[in-house]
Amino acid sequence: MELESLISKSLQSHRLYCEVRKRIPDIHQEIYGQVYQILNKEASNV
């Protein structure tokens, strides 16, 4: 659970994510979800 929270906070504070959220607000959540899943999977493998 801590790992998921860390990934979420990291993504939401990342400059690129903030730009995507501003420029294409309609699909930023989908992009966030996909990147979150990838990072969570990779971090679980470590």
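Colour the chain by secondary structure, and you will find three helices and zero strands, arranged along the sequence in the pattern α-α-α; helices (H or I, at least four residues) and strands (E, at least two) are DSSP runs, numbered from the N terminus. This is a predicted model, in which local features need pLDDT of at least 70 and side-chain atom pairs count only at pLDDT 80 or more, while totals for chains, interfaces and linings use all residues. Residues are numbered from 1 along each chain as its sequence is written, and side-chain values use heavy atoms, with hydrogens and water left out.

With the whole chain still selected, note that its C-alpha atoms fill a box of roughly 35 × 15 × 15 Å, taken along the principal axes. Of the 46 residues, 20% count as buried, where buried means under 20% relative accessible area, exposed over 50%, and partly exposed in between (1.4 Å probe, protein chains only).

Next select helix α1, residues 2–13. Its end C-alpha atoms are 17 Å apart, which agrees with the 16 Å that its twelve residues should span at 1.5 Å a residue, the expected span being 1.5 Å times one less than the number of residues.

Within α1, show the side chains of I7, S8 and L11, which are buried. They cover an arc of only 100° around the axis, which puts them on the same side of α1; the arc is that of the directions from the helix axis to the C-beta atoms. Turn to the other side of α1, where E2, L6, K9 and S13 are exposed.
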